[in-house]
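This report describes a structure with attention to its chains, their domains and their contacts. The sequence and the coordinates are shown first, and the description follows.

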Amino acid sequence: MAIKQSEAIVLRSYPLREADLLVTLLTRTDGKVRGVARAAKKSKKRFGGALEPLTYVRAYWDDREGHELARLDSCEVLESPLADEVDYPRAVALGYVAEVLDQVLPDREPNDAMFRLALAVLANLRAGAIWMPLTYFDLWIVRLMGLLPELSECIECGEGLNGSRAWFHPLADGLMCQQHKRLASNEMQAESRRLAAEMFRAPIEKFGGTAWRKQQGIDLRKFLAQRIERQLEKKLVTASMLDRLD
Amino acid sequence: MTRLIDELKKLPGIGGKSAQRLAFHILRSSDDDAHSLAQAVRDVKDKLRLCSICNNITDVDPCTYCTSPTRNLRLVCVVEEPTNIAAIEKTRHFNGVYHVLHGSISPLHGVGPEHLRISNLTRRIDKNEVDEVIIATNPTVEGEATATYLSQTIKRAGVKVTRIAMGIPVGSDIEYADEVTMLKAMEGRREL
Ligand SMILES: [Zn+2]
Ligand SMILES: [Zn+2]
């Protein structure tokens, strides 16, 4: 059986039977691949820390005919989240990125844009600096999923929102003007809409280094997470944990 | 028989086939063996509990570590699971006591710091009963997040906090160490 190899990002690993791990990888060449790492729980030799969530690896696996799950042969660490300080907020942020990617991506559909987004976000997700990369991640992933509405006009009447107030609601797929906002809508600041436009024009590094407070872009992230959860038709476990961080 | 198989299937790592095999084994075994298995299961639930000081699983409260006259009660090693204690005891070089968290911070499972058993540790620290806390959580993202969270909480009380070293396994070859392990080994180097 020919062994395949690709750059990959580990999204999740669960214990399977006595000593095996069931691993979900986002591979560059084959999209999301699920496979079994035999004896990975007991013999840490072949995999080491390579199966920790959000590790950037070079993965080797074979696709066994008639089996849904690949057999994971080995993984080399290219970049580990453990190389930098892991505090609680960063762990939650990493978990959020892993959960969203795992949930929104279909099996076995290569998507280079998603892969590059994930790499760029991981490289910028540092202890004490999680809100900027998370905002960037939410924006781009919603756009790449094809779920991002035009942020400059009301979805009900099409009127331009630049220069005026805008609202959003979990069950509305875009922003609304003063007249068409629904009951219990949240307002999205003009500042956050400007930020979104900037983030589509510049690479993530341009926004790096600035120590963002949680408050910055919070309305934008809430709106984007609502788009993702509406598409998935369920709540994200890690989204509510992000909400509870200071 | 179906009832027994259904109950066995609830055990971790036991599927339908294994449950069936175990059930038939129990059926064929002597009355005494079957009875002592059942009794052992009952006793675990009836007699074992968590130590009120360190959360270790014990049949006497406080546990034997926490009441040992030869152990240093002011040196506390924090572990994720009760089974981790045996791994540290194997060294026969640790003379302090323990604190068991019963888990680690795990965002993907919705487990935050509020779900860990920390309160009796902070109580010990607040009562000025501790000189040093050694954090021996796993060298994983979850274990590290837990360690960082704990150290921030504990340091506020002015107690010394240390983290067990991560690095190259004894008897292995550094040529085969992965990048993170090597990096951690370099960070944790010591002067000779
Ligand atoms: Zn309108
Ligand atoms: Zn105890």
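Among contacts in chain B between residues at least 6 apart in sequence, what percentage join residues at least 24 apart? The value for chain B is 45%, where two residues are in contact if their C-beta atoms, placed from the backbone, lie within 7 Å. For chain A, 59% of the contacts between residues at least 6 apart in sequence join residues at least 24 apart.

The model is predicted: local features need pLDDT of at least 70 and side-chain atom pairs count only at pLDDT 80 or more, while totals for chains, interfaces and linings use all residues. Residues are numbered from 1 along each chain as its sequence is written, and chains are lettered from A and ligands numbered from 1 in the order in which they are written.

## Chains

| Chain | C-alpha box along the principal axes | Buried residues |
|---|---|---|
| Chain A | roughly 60 × 40 × 30 Å | 39% of 246 residues |
| Chain B | roughly 60 × 45 × 35 Å | 22% of 192 residues |

A residue is buried if 20 or more other C-beta atoms lie within 10 Å of its own, exposed if 12 or fewer, and partly exposed in between, with C-beta atoms placed from the backbone.

Chain A contains 6 helices and 7 strands; helices (H or I, at least four residues) and strands (E, at least two) are DSSP runs, numbered from the N terminus. Along the sequence of chain A the elements follow the pattern β-β-β-β-β-α-α-α-β-β-α-α-α. Chain A has a radius of gyration of 20 Å, close to the 18 Å that the globule rule gives for 246 residues, so it is as compact as a globular protein of that length. The radius is taken over C-alpha atoms, and the globule rule is 2.2 Å times the number of residues to the power 0.38.

Chain B contains 7 helices and 6 strands, which follow the pattern α-α-α-β-β-β-α-β-α-β-α-β-α along the sequence. For chain B the radius of gyration is 21 Å, well over the 16 Å that the globule rule gives for 192 residues, so this chain is more spread out than a compact globule.

## Domains

The bounds below come from an automatic or database domain assignment. Chain A is assigned domain 1 (4-83) and domain 2 (88-244), and the C-alpha centres of these two domains of chain A lie 28 Å apart. Their contact takes 16 residues from domain 1 of chain A and 17 residues from domain 2 of chain A. On the side of domain 1 of chain A that touches domain 2 of chain A, strand E1 (4-16), strand E2 (20-27) and strand E3 (31-37) of chain A each give two or more residues. E3(A) provides the largest share of that side, 4 residues. The residues of this side of domain 1 of chain A divide into 8 nonpolar, 3 polar and 5 charged. Here Ala, Val, Leu, Ile, Met, Phe, Trp, Tyr, Cys and Pro count as nonpolar, Asp, Glu, Lys and Arg as charged, and the others, Gly among them, as polar.

Chain B is divided into domain 1 (2-47) and domain 2 (68-163). The C-alpha centres of these domains of chain B are separated by 34 Å.

## The sheet of chain B

Chain B holds an open sheet of 4 strands in the order E4-E3-E5-E6, with parallel pairing; two strands pair if DSSP finds at least two bridges between them. Strand E4 (96-100) and strand E6 (160-163) of chain B stand at the edges, each with a single partner strand, so one side of each is left without a neighbour in the sheet. From one strand to the next the twist averages 25°, with axes as lines fitted to C-alpha atoms and angles running from 0 to 180 degrees between N-to-C directions.

Strand E3 (residues 72-79) of chain B pairs with E4(B) in the parallel sense over 5 bridges, and B:Asn72 stands opposite B:Gly96 in E4(B). Of the 5 residues of E4(B), 4 are buried, so this strand is largely enclosed by the rest of the structure. Strand E5 (residues 132-135) of chain B pairs with E6(B) in the parallel sense over 4 bridges, and B:Glu132 stands opposite B:Lys160 in E6(B).

## Contact between the chains

Chain A contributes 26 residues and chain B 19 residues to the contact between them. Helix H1 (88-104) and helix H6 (237-244) of chain A each supply at least two residues of the side of chain A that touches chain B. H1(A) gives the most to that side, with 7 residues. The side of chain A that touches chain B comprises 14 nonpolar, 5 polar and 7 charged residues.
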